[in-house]
Every structure is written in C-alpha cells, then in structure tokens.
Amino acid sequence: MPKVTDEHREAMKLRIQDAALVCLSRKGFSAVSMADIIAQAQLSAGAVYLYYRSKEQLILDVGQRVMADRLSFLKDLRERTPLPSPAEAMAMIFTEVSQGPLTPGLPVQVWGESVGHPDLRRTAGELLSLARAYIADYVAAWLSQERHASDHLARKRAEELAPALLGLVQGFMIQLSLSDAPGEAAAQYSTAVSSLLGDL
C-alpha cells in the first residue's frame with residue numbers, strides 16, 4: 001500500500017477546509033452539516049472522516065484559519081516605508097479585510113461560535129491577542145518615528161490604544177457583515193474612523 005505523504009495529508013485537509021468555508025459562507029456554522037461539507041469537497045465520507053472525526057474538530061481548524069488570515073498583513077504594518085499614519089493604516093486594513101478571499105462575515109461567525117466552544121474560544125483569544133500585539137508594534141513605531149516619543153512612552157501609549165484600534169477593525173467586519181449595502185457601509189465607516197483618528 002503506497003505511503004501517504006505529509007504533503008498529501010495537508011492538501012487533503014486544505015481541500016476539506018476549503019469546502020467547509022464555502023458551506024459556511026452559504027449557511028453559517030449552525031446550519032452547515034458534515035454531509036454538506038463532504039458533498040462540497042467531492043470526497044467520500046470515509047475520506048473526510050479520516051482527517052476530521054467530527055464537525056467540532058473541523059470547525060476548530062477552519063476557525064483558526066479564518067482568524068489567522070490577516071495576521072501577516074498586521075505584522076508587516078510596522079515595516080512599511082514611510083510608516084502610514086494611524087488613519088491611513090486603518091484604511092489599509094479595512095481594504096485588506098473587505099477585498100480578501102475570506103468574507104468579513106466569517107470571522108464574525110467564528111467569534112459567535114467561540115462563545116459556546118471552549119477550544120475555539122481559546123484559539124480566538126490567542127489570535128486576537130497576537131493581532132493586538134502587531135497593532136501595538138506598529139503604533140509604537142509610528143509614535144517613535146513621527147511623534148518623536150521616547151521608546152518607553154511610545155510603547156506605553158501603543159499598548160493603551162491597541163485594544164481600541166483592534167475593536168475598530170472588528171466593528172468594521174461586523175457592520176459589513178450586517179449591511180445590505182456593504183460598499184456604502186465600508187466607505188462610511190472608513191470616513192468616520194479617519195475623522196476619529198485624524199489628530200492622533
């Protein structure tokens with residue numbers, strides 16, 4: 001019997017996760033079933049259950065993937081030259097979130113699902129903490145370079161601001177997810193945040 005390589009296992013898991021993401025976009029976490037995902041993946045039930053023994057296990061992997069999707073963008077913010085202002089940085093994040101391969105509604109669904117799913121809540125908390133840390137790194141760098149704050153004061157202020165800035169990103173996702181006119185909602189929200197952060 002041929003040996004199954006790690007690359008093959010990873011490719012199969014990604015195929016199943018991709019199918020789950022399509023189903024979740026259509027029906028949401030609560031309504032989607034393993035049968036839906038199996039049909040979307042065009043695999044046998046046995047093949048899917050070989051990699052994911054339950055919907056809970058699959059949701060944990062998919063949730064982590066959804067939550068981690070934009071972390072590299074946040075991490076790279078502080079490396080941009082010149083550094084964007086906070087208002088510009090938030091506008092860039094909003095564009096990245098709204099135009100990415102995963103809809104803004106998927107992270108919102110993950111957060112909702114996390115309330116009753118301890119493992120997913122733990123994962124979501126860890127990834128949100130990482131996102132907050134990346135935002136704080138960017139803000140500290142900007143305050144140091146553009147406002148000439150000392151490293152200590154820049155870091156202290158950045159740590160104070162980061163939770164609220166992350167909250168603005170989460171609010172953007174929620175408003176887009178619930179809007180019948182997401183393009184208009186995105187423009188209005190971006191304008192409001194730009195005005196709010198203009199003097200920072």
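## Two rings to start with

Let's begin inside the chain: F94 and F172 are both buried. This is a predicted model, and these two residues make a handy way into it. How far apart are the ring centres of F94 and F172, and at what angle are their planes? The rings have their centres 4.3 Å apart and their planes at 10°, so this pair counts as stacked.

In total, the model has three aromatic pairs.

Y189 brings us to helix α10, where A185, A186, Y189, V193 and L197 are buried. Why do these residues end up on the same side of α10? Because they cover an arc of only 100° around the axis.

As for its length, α10 runs over residues 182–197, 16 residues in all. From first C-alpha to last it reaches 22 Å, close to the 22 Å expected at 1.5 Å a residue.

Nonpolar side chains tend to be buried together in soluble globular proteins. Here, the largest nonpolar core has 67 residues. Which helix gives the largest share of this core? That's α8 (residues 118–146), with 14 residues.

Inside the core, I37 and M90 have the most contacts. Setting aside neighbours within four places in sequence, M90 touches L165, L168, V169, V193 and L197. Two residues in that list, V193 and L197, are also among the buried residues of α10.

## The whole chain

Now for the wider view. How many helices and strands does the chain have? Ten helices and zero strands, so by element type the chain reads α-α-α-α-α-α-α-α-α-α from the N terminus on. The C-alpha atoms fill a box of roughly 65 × 40 × 30 Å along the principal axes.

Of the chain's 200 residues, 40% count as buried. Among contacts with a separation of 6 or more, 66% come from residues 24 or more positions apart. The accessible surface is about 11,100 Å², and carbon and sulfur atoms account for 53% of that.

How values were computed. Residues numbered from 1 in each chain as written. Predicted model: local features only at pLDDT ≥ 70, side-chain atom pairs only at ≥ 80, totals over all residues. Heavy atoms only, no water. Core = buried A, V, L, I, M, F, W, Y, C linked by side-chain atoms within 4.5 Å. Buried < 20%, exposed > 50% of the residue type's maximum accessible area, 1.4 Å probe, protein only. Helix = DSSP H or I, 4+ residues; strand = E, 2+ residues; numbered from the N terminus. Contact = heavy atoms within 4.5 Å. Expected span 1.5 Å × (residues − 1). Arc of directions from axis to C-beta. Phe/Tyr/Trp six-rings, centres within 6.5 Å; stacked < 30°, edge-to-face > 60°. Areas by Shrake-Rupley, 256 points an atom, 1.4 Å probe, with all protein chains shown as cover.
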